[in-house]
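Okay, thanks for coming, everyone. Let me put the structure up and walk you through a few things in it.

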Amino acid sequence: MEIENQRFMALEGTRTWASGTVHFAAECDQFLIDLSASATDFRALRQAFEVNRHCFLIAAFKLLEHAEWAVHVGALDAALTTELNAHAANIKRLRDLNEHKVEYFMGGGRRRALWNHEEDGGTADASSTINTRIGNLLDWRTLRR
């Protein structure tokens, strides 16, 4: 494929997935608002939150992937991806682990040592959410900015 076409696709993909990342982060925030408003159907809220949180991780990973491609083909200045890249390891880790969370809950999973994370005296698994931090590693509000 011609480089000009790749540049266009990479940049448009970066824009698309940035929009998706912001959208799903906002949806996760909405869950917190609804929960604090004492909504009566906690199960429905929790289910919606789980879906949006997982979609946020996928969108953030795709954003990272497209931004790396855009830099590689010269469509985006690498300096613009510095903050995103600072979270790359946790984005990849949490997306991967959450894709296979059933395996981990059943005692399997290929990267068991990464499933739990301890920070600030607390332990969280990759599927947990503490305030706005997924797995106590990645804050969706940080990527939403």
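This is a predicted model: local features need pLDDT of at least 70, side-chain atom pairs count only at pLDDT 80 or more; totals for chains, interfaces and linings use all residues.

So, Cys55: with a relative accessibility of 25%, this residue falls in the partly exposed class. Cys28, on the other hand, is buried, at a relative accessible area of 0%.

Now, how far is the sulfur of Cys28 from the closest cysteine sulfur? The answer is 9.0 Å, with Cys55 holding that closest sulfur, and that's too far for a bond. Our cut-off for a disulfide is a sulfur pair within 2.5 Å. Looking from the other end, Cys55 is in no disulfide either, and its nearest cysteine sulfur is the one in Cys28, 9.0 Å away. By this rule, the disulfide count comes out at 0.

Okay, on to the sheet. We've got an open sheet of 3 strands here, ordered β3-β4-β5, and the pairing is antiparallel. Which strands stand at the edges? Those are β3, residues 129-130, and β5, residues 138-139; each has a single partner strand, so one side of each has no neighbour in the sheet. Zooming in, β3 and β4, the latter being residues 133-134, run antiparallel and are joined by 2 bridges. Across that pair, Ile130 sits opposite Arg133 in β4.

Last bit: confidence. The protein chain has an average pLDDT of 91, and 98% of the residues score at least 70. Which element has the lowest mean pLDDT? That's strand β1, residues 116-119, with 81, while helix α3, residues 82-86, has the highest, at 96.

Okay, that's my bit. Over to you for questions.

Notes: Residues are numbered from 1 along each chain as its sequence is written. Side-chain values use heavy atoms; hydrogens and water are left out. pLDDT is the predictor's confidence in each residue, from 0 to 100. Helices (H or I, at least four residues) and strands (E, at least two) are DSSP runs, numbered from the N terminus. Two strands pair if DSSP finds at least two bridges between them. Buried means under 20% relative accessible area, exposed over 50%, partly exposed in between (1.4 Å probe, protein chains only).
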